[in-house]
Amino acid sequence: DQLLQLDNELFLFLNNLGTPTWYGFWMFMTQKLNSIPLYAALLWVSFKQLGPKKTLLMLVTVALLVLATDQLTNFFKHGIARLRPCYDVSVNQVMRLVKDGCGGRYGYFSGHSSNSFAVAVFFISLLRPKKIWLPVLLVWASLVAYSRIYIGVHFPLDVVTGIMAGSFFGWLFAKLYVLMAHKFDL
């Protein structure tokens, strides 16, 4: 109970830091389709570094990675059934909801956070010799994760759990990718 109370207080502090001037930026960061240019660049770099066969395997691996993090997120959201801030009567009268709707009723844990960190950690592991990707991907994933608090649809604990789960899955699937590439002699 005390952890959840601290989470509520931290949410209200972070959520209320915002101003309407920044709404457009944070709404941009939270839209999944806005990540397409970054992911297209990662695909191009992967193709250049890995060649067509390994890139195809990488695409299949990333698809399975996102599927796995999505399913785990949904399992927890419905299993834990923690209300999103906009449905939680203890905070919804004093918070800012930036977007038109709140999304599903439950928010533990954040799918945006888990997916963005899963993909980031996967590619950081895969493109290790290209150190430029580390800060770019971590900053992008962090902005996506924080956007969920800013716009009012997730508590900080939802986001932190999503970051941890996504990072673990990204690392795990990067290891699986390397094993499969080796096994199939790609």
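1. Nonpolar surface patch. In this predicted model, Leu43, Leu56, Leu59, Val60, Leu64 and Leu67 make a nonpolar surface patch of about 530 Å². One of these residues, leucine 67, is placed in helix H3.

2. Nonpolar core. The largest nonpolar core has 42 residues, and those touching the most other members are Leu42, Met58, Phe122, Phe123, Trp133 and Leu137. Two or more residues of this core come from each of helix H1 (2–15), helix H2 (23–30), helix H3 (36–80), helix H4 (111–126), helix H5 (133–150) and helix H6 (156–183).

3. Methionine 58. Leaving aside residues up to four places away in sequence, methionine 58 is in contact with Leu43, Ser46, Phe122, Phe123, Leu126 and Tyr177.

4. Asparagine 115. This residue is part of helix H4. Asparagine 115 counts as buried because its relative accessibility is 14%, and the limit for buried is under 20%. Apart from residues up to four places away in sequence, asparagine 115 touches Val66, Thr69 and Asp70.

5. Disulfide. There is one disulfide in the structure. Cysteine 86 and cysteine 102 form it, with their sulfur atoms 1.3 Å apart. Both cysteines lie in the loop between H3 and H4, so the bond ties together parts 16 residues apart in sequence. Cysteine 86 and cysteine 102 are both buried.

Methods
Residues numbered from 1 in each chain as written. Predicted model: local features only at pLDDT ≥ 70, side-chain atom pairs only at ≥ 80, totals over all residues. Heavy atoms only, no water. Core = buried A, V, L, I, M, F, W, Y, C linked by side-chain atoms within 4.5 Å. Buried < 20%, exposed > 50% of the residue type's maximum accessible area, 1.4 Å probe, protein only. Helix = DSSP H or I, 4+ residues; strand = E, 2+ residues; numbered from the N terminus. Contact = heavy atoms within 4.5 Å. Patch = residues over 30% accessible without salt bridge, like charges linked within 9 Å, V, L, I, M, F, W, Y side chains within 5 Å. Areas by Shrake-Rupley, 256 points an atom, 1.4 Å probe, with all protein chains shown as cover. Salt bridge = Lys/Arg side-chain N within 4 Å of Asp/Glu carboxyl O. Disulfide = S-S within 2.5 Å.
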